[in-house]
Amino acid sequence: MPRIPYIEDFSAWEKDFSFYIPISVRFSETDMYGHVNNVSPFIYFEEARIAYLNSIGFLSKDMRQKDGIIVADLQCNYLKELYFGDDIRVYVKTASVGNTSFDIHYKVMREEEAILTARGRLVYIDTEKKAPKKLSDALKQKLLET
Ligand SMILES: CC(C)(COP(=O)(O)OP(=O)(O)OC[C@H]1O[C@@H](n2cnc3c(N)ncnc32)[C@H](O)[C@@H]1OP(=O)(O)O)[C@@H](O)C(=O)NCCC(=O)NCCSC(=O)c1cc(O)c2ccccc2c1O
């Protein structure tokens with residue numbers, strides 16, 4: 001396993017996921033070499049991130065009236081190639097929580113093989129002030145328990 005800066009111990013890290021979405025690789029996500037192009041996983045991460053945030057109530061109508069979430073950064077490590085028709089599972093978990101932001105990690109599996117890893121920071125925003133907003137202890141707890 002190559003050194004991945006945001007993963008200290010891969011086997012401990014990979015055991016810690018439970019939420020995932022299934023995806024079948026589409027032809028339009030591949031390139032002239034026949035493999036999935038480097039930009040396509042960012043769409044997988046988006047789909048998985050939205051499903052994950054929905055599952056913990058972070059995109060509920062109530063929350064969206066005053067608060068928002070914005071992507072601050074996103075980083076991907078490509079371990080193996082993917083091909084048209086591959087069935088994958090895109091896992092998501094909250095890895096750490098800051099003052100106004102939280103880091104989520106992603107693991108993409110094809111059967112029992114790790115294909116991609118990624119991490120990204122999301123910032124909690126006050127949509128009226130258009131500024132980062134402190135995460136309450138209750139929200140932090142919700143993030144860390146899923
Ligand atoms: C990202 C910003 C809002 C930061 O604003 P500002 O510079 O004022 O923030 P602070 O300095 O106070 O820091 C707050 C907090 O954020 C961390 N942080 C700041 N910048 C970065 C960065 N570049 N990379 C990583 N982390 C950063 C900082 O450490 C602080 O953390 P604490 O926990 O210590 O408080 C502002 O820069 C901004 O608005 N940038 C533009 C963002 C943008 O345009 N993103 C792309 C569009 S959003 C998007 O694509 C999107 C996709 C989705 O799939 C979503 C799914 C679900 C919901 C929303 C989605 C979404 O918005």
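## A guided tour by selection

Begin with Asp-67, which counts as buried at 12% relative accessibility; buried means under 20% relative accessible area, exposed over 50%, and partly exposed in between, with a 1.4 Å probe and protein chains only. This is a predicted model, in which local features need pLDDT of at least 70 and side-chain atom pairs count only at pLDDT 80 or more, whereas totals for chains, interfaces and linings use all residues. Residues are numbered from 1 along each chain as its sequence is written, and side-chain values use heavy atoms, with hydrogens and water left out.

**Salt bridges**

Helices (H or I, at least four residues) and strands (E, at least two) are DSSP runs numbered from the N terminus. Lys-133 is partly exposed, with a relative accessible area of 22%.

Next, select Lys-93 and Asp-16. Their salt bridge has its closest N and O atoms 3.7 Å apart. Lys-93 lies in strand β3 (residues 87-97) and Asp-16 in the loop between α1 (10-15) and β1 (19-24), so this pair ties together parts that are 77 residues apart in sequence.

Now select Arg-119 and Asp-103, a salt bridge with its closest N and O atoms 2.9 Å apart. Arg-119 is in strand β5 and Asp-103 in strand β4 (residues 101-110), 16 residues apart. Arg-119 counts as buried at 8% relative accessibility, and Asp-103 is buried with a relative accessible area of 8%.

**The ligand and its shell**

Which residues come nearest? Of the 17 residues around the ligand, the nearest are Glu-46, Arg-49, Asn-99, Thr-100 and Ser-101. The shell divides into nine nonpolar, four polar and four charged residues. In this division, Ala, Val, Leu, Ile, Met, Phe, Trp, Tyr, Cys and Pro count as nonpolar, Asp, Glu, Lys and Arg as charged, and the others, Gly among them, as polar.

Colour the elements to see where the shell comes from. At least two of its residues are supplied by each of α2 (40-55), β2 and β5, and β2 gives the most, with five residues.

A polar side-chain atom of Ser-101 lies 2.6 Å from a ligand oxygen atom. A polar backbone atom of Val-71 is 2.8 Å from a nitrogen atom of the ligand. A polar side-chain atom of Arg-121 lies 3.3 Å from an oxygen atom of the ligand. Taken alone, the ligand exposes 1200 Å², of which the protein buries 51%; accessible areas come from the Shrake-Rupley method with a 1.4 Å probe, and for residues only the protein chains shown count as cover.

**Two buried residues**

Move to Thr-117 in strand β5. Thr-117 counts as buried, at 0% relative accessibility. Its side chain makes a polar contact of 2.8 Å with the side chain of Tyr-6; a polar contact is a pair of N or O atoms within 3.5 Å, and within protein one must be able to donate a hydrogen and the other to accept it, while residues adjacent in sequence count only if both atoms are side-chain atoms. Leaving aside neighbours within four places in sequence, Thr-117 is in contact (heavy atoms within 4.5 Å) with residues including Ile-4, Phe-10, Trp-13, Gln-75 and Tyr-106.

Then select Glu-29, in the loop between β1 and α2. Glu-29 is buried, with a relative accessible area of 8%, and a polar contact of 2.4 Å joins its side chain to that of Arg-26.

**Last stop**

Finish at Glu-128, in the loop between β5 (113-126) and β6 (131-132). Glu-128 is exposed, with a relative accessible area of 67%.

Terms used
A salt bridge is a side-chain nitrogen of Lys or Arg within 4 Å of a carboxyl oxygen of Asp or Glu. A residue is near a molecule or strand if one of its heavy atoms lies within 4 Å of it.
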